[in-house]
Amino acid sequence: NLTSNWIYDSRIQDFDNSLNTTTFGAAMSRYPWGFSTGYIVPYRESQTYALSDDSNQILLTSTVREFRTSLARVFLDNNLSIGAALAVGQSEIAGERILPPPHSTVFHSYSIGATFGIMTKLHERLLAGLSYSLPMHYSGDLALQLPGVTNFFQPIEVPARTHDGLSGSEF
């Protein structure tokens with residue numbers, strides 16, 4: 001699995017700059033178990049801004065990356081599946097002054113999270129699923145400064161999430 005999305009939304013940032021997401025992963029199964037591992041960039045935003053104090057520009061970037069590993073097993077004659085995933089994440093907050101005098105500052109933070117899920121067969125061709133992801137906290141460092149920008153290196157909070165789904169087939 002390899003996917004990448006470029007989202008253009010001029011309400012968030014200039015239309016010339018996209019929000020990027022990327023996933024890469026592999027999965028395998030050995031009945032009744034299933035395994036997967038992957039690399040995910042669920043959030044990346046980057047744009048150049050003009051500084052108000054002079055004609056210089058600064059490139060500001062925020063990125064979250066995750067390595068995920070999951071394990072699932074089927075039960076009850078393949079009518080129930082229970083799984084869990086472990087996420088090890090890294091955030092990167094960076095600022096780079098474009099024109100002389102050049103100046104760049106990068107801050108990294110790390111977090112660990114988990115997701116738990118269950119899926120059941122409700123009828124011959126009807127599946128229902130539910131998952132819960134724990135919140136993740138990436139620390140910031142407000143002591144770091146960029147020329148012309150204040151309080152940029154703030155913490156990144158990824159809230160707890162629930163997902164549900166219903167799927168059916170006519171075949």
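1. Burial first: a residue is called buried under 20% relative accessible area, exposed over 50%, and partly exposed in between, using a 1.4 Å probe and protein chains only. By that cut-off Glu66 is buried, because its relative accessibility is 4%. A note on provenance: this is a predicted model, where local features need pLDDT of at least 70, side-chain atom pairs count only at pLDDT 80 or more, and totals for chains, interfaces and linings use all residues. Residues are numbered from 1 along each chain as its sequence is written, and side-chain values use heavy atoms, with hydrogens and water left out.

2. Staying with Glu66, you'll find that residue in strand β4, residues 57-75. Strands here are DSSP runs of E with at least two residues, while helices are runs of H or I with at least four, and numbering starts from the N terminus. The Glu66 side chain makes a polar contact of 2.9 Å with the side chain of Arg68. A polar contact is a pair of N or O atoms within 3.5 Å; within protein, one must be able to donate a hydrogen and the other to accept it, and residues adjacent in sequence count only if both atoms are side-chain atoms. Leaving out residues up to four places away in sequence, Glu66 touches residues including Tyr39, Ile40, Val88, Met136 and Tyr138, where contact means heavy atoms within 4.5 Å.

3. On to the aromatics, of which the structure holds two pairs. Tyr39 and Phe67 have ring centres 5.1 Å apart and planes at 50°, so they count as tilted. Tyr39 sits in strand β3 (residues 33-50) and Phe67 in β4, so this pair ties together parts that are 28 residues apart in sequence. Tyr39 is partly exposed at 27% relative accessibility, and Phe67 is exposed at 54%. The other pair is Phe152 with Phe153, edge-to-face because the planes are at 75°, with centres 5.4 Å apart. For the cut-offs: rings of Phe, Tyr and Trp (its six-membered ring) pair if their centres lie within 6.5 Å; planes under 30 degrees apart are stacked, over 60 edge-to-face, and the rest tilted.

4. Phe153 also turns up in the largest nonpolar core, which has 14 residues. Such a core is a set of buried Ala, Val, Leu, Ile, Met, Phe, Trp, Tyr and Cys residues joined through side-chain atoms within 4.5 Å. The members that touch the most others are Ile58, Met136, Tyr138, Leu146, Val149, Phe153 and Ile156. Two or more residues each come from β4, β5 (80-97), β8 (136-138) and β9 (156-158), and the largest share, three residues, is from β4.

5. What about the largest pocket? Its volume is about 440 Å³, and 19 residues line it, with Ile40, Arg68, Ala85, Thr115 and Ser133 nearest its centre. At least two lining residues each are supplied by β3, β4, β5, β6 (103-123), β7 (126-133) and β10 (161-168). In terms of method, a 1 Å grid over the protein atoms alone is used, and a pocket is an open set of points where a 1.4 Å probe fits, with protein on both sides within 12 Å along at least five of seven lines; lining residues have an atom within 4 Å of a point. Grid points are joined across faces, edges and corners, and the volume is the space filled by probe spheres set on the points.

6. Two residues to look at together are Gly34 and Leu71, which are in contact. Gly34 is in β3 and partly exposed at 21%, while Leu71 is in β4 and partly exposed at 38%. Gly34 and Val74 are 40 residues apart in sequence, yet 8.6 Å apart C-alpha to C-alpha. By contrast, Leu71 and Pro101 are 30 residues apart along the chain, with their C-alpha atoms separated by 50 Å.

7. Ser91, in β5, is buried with a relative accessible area of 0%, and its contacts beyond four places in sequence include Phe107, Tyr138 and Ile156. His137, in β8, is partly exposed at 39%. The C-alpha atoms of His137 and Tyr110 are separated by 8.1 Å, at 27 residues apart along the chain.
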